[in-house]
Amino acid sequence: MRAVRARHHWLATGAAAGVLALLPGTAFAWGTPGASNGQKTETSGTRDGASLVSKVVYSGSTSGSRGSDGNGGGALKPVGDWTPPACWYEPRSAEQFRDYVESMYEETVNTPGQHSYAKQSAGMFRDDYKDGTYKNYNLDKKDEGSFWVAVRDEDRWMEPEAQVCDRMPFWVENGDPVPVENAVTPEVLAELAYNRVRLPAAEVTLRPEAATKVNLPTWAWLDRSRFKETSVTASIAVGGLNIQATTTARPVSLRLEPGTPDAETYPASGECTINADGSIGEPYTRGKADRTPPCGLKYLRSSGDGTFTLQATITWDISWTGTGGAGGDLPDGTFGNDQAVTVQEIQSVNR
């Protein structure tokens, strides 16, 4: 199971406001770019250097599992303009939040050469939770609620979408609604899991295999054992919060783009739907030479001394289920790759 490190910070609006300053190049930055690949396993989920570590953990077909980027696969690309959350809010116990703030404060004020403004801001931030708006980090009420903090997807922390979770850490009593958007819920977990589903490469089997011929139908298919349901479960257990969600990707179709306008596809739309047994297309066997392939293509000219780039893209139907019987659909996703196809002229012999 993998915990993904996520950054959070609060931008300064002035020392008088008592908010946290983010000063590039200082130890007081809430997270340092390039500090992690976003896939480090964490067991405590509390702190790593100057970064809070998300306590959401993932299991299933995530990066590092079979079918990940290193094995020729990759991530879902949502259809349309929807994207999973780039930031969200998670709870921390009073003790966890105290330990984090105290450690951050000590690191900031004791770093040689640290800017005085960073030290001042760190002190004001600490004081607000120790002896200001809150008293001693609400430790006397530690069983009655949690602090909620903003975290960001490390891979997207510079995107505008990651900047919307800008509220300072705040206390929520157990059972009360969390008064922010993107507070972690089963649905938010499902959306986060969407972003971590890793799929196998969509390399189709072609016949003829080594090189096809001009005007010769080329059969294309995908093995049902390789393309099956893939799922990732995201969960979080902090204090009184213990929820999870499983996001499942199911292949539904294969789209073929020949890489040249001088080609035809079967079917004409180029979209091959999944068969009842989970396969796509139909393997070529002897005796089918005069048949039209249910899934395939036909090139109308030679690739010459080069190749055409065939793009094969799988569309995946995405659904999720979560704690308390929650569930539903998420936007379809796609994943594809390119294949080089050699197309030769048919050689004729004149007698």
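1. A salt bridge here is a side-chain nitrogen of Lys or Arg within 4 Å of a carboxyl oxygen of Asp or Glu, and the structure holds 15 of them. Please keep in mind that this is a predicted model, in which local features need pLDDT of at least 70, side-chain atom pairs count only at pLDDT 80 or more, and totals for chains, interfaces and linings use all residues. Residues are numbered from 1 along each chain as its sequence is written, and side-chain values use heavy atoms, with hydrogens and water left out.

2. Arg92 counts as buried at 2% relative accessibility, and Glu90 is buried at 0%. For these labels, buried means under 20% relative accessible area, exposed over 50%, and partly exposed in between (1.4 Å probe, protein chains only).

3. Lys298 and Glu264 also meet through their side chains in a salt bridge, at 3.7 Å from N to O. This pair links distant parts of the chain, 34 residues apart: Lys298 sits in strand β18 (residues 296-299) and Glu264 in strand β15 (residues 263-266). Helices (H or I, at least four residues) and strands (E, at least two) are DSSP runs, numbered from the N terminus. Lys298 is buried at 18% relative accessible area, whereas Glu264 is partly exposed at 36%.

4. Glu282 and Arg291 form a salt bridge of 3.4 Å, N to O. Glu282 is partly exposed at 22%, and Arg291 is partly exposed at 39%. A network of salt bridges links Glu282, Lys288 and Arg291.

5. Now to the disulfides, where a pair of cysteine sulfur atoms lies within 2.5 Å; the structure holds two. In one, the sulfur atoms of Cys87 and Cys165 are 2.1 Å apart. The pair links distant parts of the chain, 78 residues apart, with Cys87 in strand β6 (residues 87-92) and Cys165 in the loop between β7 and β8 (170-173). Both Cys87 and Cys165 are buried.

6. The other disulfide joins Cys272 and Cys295, whose sulfur atoms are 2.2 Å apart. Cys272 lies in strand β16 (residues 271-273), and Cys295 in the loop between β17 (280-281) and β18, 23 residues away. The link of Cys272 and Cys295 is right-handed, with 90° about the S-S bond, and the link of Cys87 and Cys165 is right-handed at 75°.

7. Strand β13 (residues 230-238) has seven of its nine residues buried, so it is largely enclosed by the rest of the structure. Nine bridges join β13 to strand β14 (residues 241-257), and the two run antiparallel; two strands pair if DSSP finds at least two bridges between them. Ser231 stands opposite Thr248 in β14. The two strands make a hairpin with two residues between them, and Gly239 in the turn has a positive phi of about 55°.

8. Helix α3 (residues 186-194) is largely enclosed by the rest of the structure, because eight of its nine residues are buried. Among them are Pro186, Glu191 and Tyr194.

9. Asp153, in strand β7 (residues 145-153), is buried at 2% relative accessible area. Its side chain makes a polar contact with the side chain of Asn195 at 3.3 Å. A polar contact is a pair of N or O atoms within 3.5 Å; within protein, one must be able to donate a hydrogen and the other to accept it, and residues adjacent in sequence count only if both atoms are side-chain atoms.
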